Amino acid sequence: NFSLAGRTYVVMGVANKRSIAWGIAKSLHAAGARLIFTYANERFEQPVKKLVDTLEGQDALFYECDVTDDQAVANTFSEIKEDVGTIHGLAHCIAFAQKEDLQGEFVDTSRDGFMLAHNISSYSLVVVSKEAAPLMSEGGSIITMTYLGGERVVKNYNVMGVAKASLDASMKYLANDLGKRGVRVNAISAGPIRTLSAKGIGEFSSVLKKIEEDAPLRRTVSQEEVGDTAYYLLSDLSRGVTGEMIHVDAGYNILG
Ligand code: 0WD
């Protein structure tokens with residue numbers, strides 16, 4: 001039975017209707033899951049609540065959670081534990097780098113810019129997994145969002161590529177640690193999608209055009225397509241899969 005009825009999932013990183021996290025939320029909702037949303041600060045509270053109002057019959061919960069603050073992450077999951085008890089999975093869809101570090105040459109990255117990108121985009125998965133795993137008392141599944149720029153050099157992706165390489169390795173170490181508790185950890189490597197975060201990346205439109213010309217499917221991918229792979233990874237359909245990265249990128253990564 002691959003319905004998610006009776007299951008509860010935490011979705012971190014919905015900024016607006018273009019967010020990949022929102023594509024994931026829609027897929028989980030369609031499968032019958034109960035959803036918990038976290039957002040970085042109160043600025044996003046009303047927009048996220050308004051979006052979630054469009055999910056018919058969804059009895060969602062909302063928490064503020066700045067992932068750069070250990071205490072805030074611990075508080076969020078202790079509140080979630082009080083309010084719902086058990087959770088069955090979590091989608092980590094959070095990243096950030098300074099705009100100046102997403103153009104020009106990687107060699108010019110400042111120490112502060114490097115640490116900021118790694119703090120928000122990579123370490124956050126570690127601390128979130130540490131706090132969320134104890135709530136997965138019936139076993140669970142954690143997913144994170146990565147990009148090809150962590151596996152090879154992609155123009156302008158720079159410090160975020162290095163942070164994604166760190167995120168990918170963290171995903172595998174976490175999978176190894178949490179497996180004995182019945183918690184799986186996987187990553188989705190999405191092709192480029194026009195979102196708020198993508199706006200910060202230099203020459204993003206030309207990246208999309210290249211995918212449309214060269215990817216095996218000759219098109220880009222949508223938030224909904226990423227959402228359906230997230231549903232697979234967060235459900236028992238993928239119960240034998242952990243420490244894995246799945247590319248949802250119209251096949252672009254296979255090209256030399
Ligand atoms: O082409 C793309 N858009 C791709 C994105 C291709 C492949 C991967 N990804 C990844 C991103 O690197 C990121 O990890 O997908 C993930 C989601 O990115 P997105 O959907 O492209 O971007 P966006 O809609 O801007 O969401 C990023 C979230 C925002 O969510 P909230 O709910 O906070 O508004 O990351 C959040 C940002 O605010 N964020 C933080 N959340 C908590 N604490 C923090 C923070 N300190 N900083 C940023």
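Two residues are taken to be in contact if their C-beta atoms, placed from the backbone, lie within 7 Å. The model examined here is predicted. By that contact criterion, and leaving aside residues up to four places away in sequence, Glu-45 touches Tyr-39, Phe-62 and Glu-64. Glu-45 belongs to helix H2, which covers residues 45-52. Because 14 other C-beta atoms lie within 10 Å, Glu-45 is partly exposed. In sequence, Glu-45 and Gly-149 are 104 residues apart, and their C-alpha atoms are 31 Å apart in space.

Attention now turns to a helix pair. Two packed helices are described by the angle between their axes and the distance between the axes. Helix H1 (residues 20-30) packs with helix H7 (residues 223-234) at an angle of about 55°, the axes being 7 Å apart. H1 is therefore oblique to H7. Their crossing is right-handed. On the H1 side, the residues that meet H7 include Ile-20, Trp-22, Ile-24 and Leu-28; on the H7 side, those that meet H1 include Val-226, Ala-230, Tyr-231 and Leu-234. Sorted by class, the contact of H1 with H7 comprises eight nonpolar, four polar and three charged residues.

The last topic is the ligand. Around the ligand there are 27 residues, of which Ala-15, Ser-19, Met-145, Thr-195 and Ser-197 come nearest. The elements that give two or more residues to this shell are H1 and strand E5 (140-146). By class, the shell around the ligand has 20 nonpolar residues, six polar and one charged.

Definitions and conventions:
Residues are numbered from 1 along each chain as its sequence is written. This is a predicted model: local features need pLDDT of at least 70, side-chain atom pairs count only at pLDDT 80 or more; totals for chains, interfaces and linings use all residues. Axes are lines fitted to C-alpha atoms, for helices over the stretch in contact, and angles run from 0 to 180 degrees between N-to-C directions. Helices (H or I, at least four residues) and strands (E, at least two) are DSSP runs, numbered from the N terminus. Angles under 35 degrees count as roughly parallel, over 145 as roughly antiparallel, 65 to 115 as roughly perpendicular and the rest as oblique. A crossing is left-handed if the near helix is turned anticlockwise from the far one by less than a right angle, and right-handed if clockwise. Ala, Val, Leu, Ile, Met, Phe, Trp, Tyr, Cys and Pro count as nonpolar, Asp, Glu, Lys and Arg as charged, and the others, Gly among them, as polar. A residue is near a molecule or strand if its C-beta atom, placed from the backbone, lies within 6 Å of it. A residue is buried if 20 or more other C-beta atoms lie within 10 Å of its own, exposed if 12 or fewer, and partly exposed in between; C-beta atoms are placed from the backbone.
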